[in-house]
Amino acid sequence: MRDAVVADSTFYSCCACDIERKDILFKFLSSYSFFLGDKILEELPKPLTNDKDFVQLITAYNFDYFQLIKPYFGRNPHHINDGEYEAIGIGYMLDAQDKLRFLILDDRRPNKFAKKHFIHLAPRVTGTIGFVQEACCEDHRISPEHALEFLLEIENALTSGKKERPCSIDPEICTAILMPAIEYIRNYHVGA
Amino acid sequence: MQQINATETRSRALEHLILLLLGAHDQRISILHLEKEAFFLWNFHPDIKRFMKFISHYRGPYSEEIEQIIRNPFNLINCWTYIPPARYDTLTGGYVELTPHGRSEYRRLYAASSANPQMGPILAAMKMVRELYDKLTPEELLLLIYDTYPEYQKKSNVFDGIQKSKKRLADNLVKKGFIDEDRYADLVASN
């Protein structure tokens, strides 16, 4: 059964920093098998990576996946430590082993790259909001209450001005993706 | 004696790596593509560094070991066929394709390697580079290589030809959706 999830650092930082709800992150980590690499780990806040429970709930790989795709991005040192490309590499490996369920890429450039170059991977590529919706309504691994709690926390962080772009979500994405997802899960919850 | 054994072991391991890379996508591949894809793997995984070296060359990173193994394999006999380049082909270095026996050997080796957890990332990386780069023409591949690894390039007519065509080649890469506008700007601006 496919139950592996690979996410870039945005997903983890969203829970741990933007909405400051490590408990919600741990619910996700307990519901799937989460894989990440050293570069993503380096991008995460130390209080999270030093947390013993966090370390137990994830599997870490240490290979330089950026080297496999570097010619498509060039020598720009800006990209060398980008965890997103590491996430694509680990996601590709898990997909080849029939384990990958979701590859969460919130940044547009790596998201587009993964979908364009690896067509078989495209159905697995999603953003944080899409992941939460599918984890709840398709896989039933997250309860509607928890899914809504998480998404409403993001909305609250944005509308209250507490964070400028929680989980890389701006007002435009809020209207186009976040609010419809909240609506969808609410209707799903009522229907169920 | 020990040194001979170590050399033989290294040579056999490299032939196996090449067979795994050739079989990762069931279609013939140019020597140019094979060498560059092996180079990406060499940069990716520390274990692969033990089996080959890369030097600068007029077609970018070049490995003498790969060239030798493709033309004169010592252990894996009749597993692949080398097809020399056409008369006016100065880019590809020829092509190589698996024989039916090679495909069968590949399947056997892949099954054995898959059982080793340490090989998982390497096997997946091989499929990944074949999927990413086989679709590029030799010119498109060289454009990306020259730009990304200037330390491995040697000035030549081939290099000059790619430089002269870089805008057309970069346009093609954008049209095919293989690179985005940022990468396009880098490629066109570079010398």
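Of the 191 residues that make up chain B, 39% count as buried. Keep in mind as you look around that this is a predicted model.

Let us stay with chain B for a moment. Its secondary structure consists of nine helices and three strands. Taken along the principal axes, the C-alpha atoms fill a box of roughly 50 × 30 × 30 Å.

Now turn to chain A, where two loop residues deserve a visit. Between helix H10 (128–137) and helix H11 (144–159) of chain A, the loop holds His140(A). The phi angle of His140(A) is near 55 degrees, a positive value in a residue that is not glycine. Is His140(A) buried or exposed? His140(A) is exposed, because 11 other C-beta atoms lie within 10 Å, and the cut-off for exposed is 12 or fewer.

Further along, Ser168(A) sits in the loop between H11 and helix H12 (171–191) of chain A. Ser168(A), also a residue other than glycine, has a positive phi, near 60 degrees. Ser168(A) has 17 C-beta neighbours inside 10 Å, so this residue counts as partly exposed: a residue is buried at 20 or more and exposed at 12 or fewer.

Notes
Residues numbered from 1 in each chain as written. Chains lettered and ligands numbered in written order. Predicted model: local features only at pLDDT ≥ 70, side-chain atom pairs only at ≥ 80, totals over all residues. Helix = DSSP H or I, 4+ residues; strand = E, 2+ residues; numbered from the N terminus.
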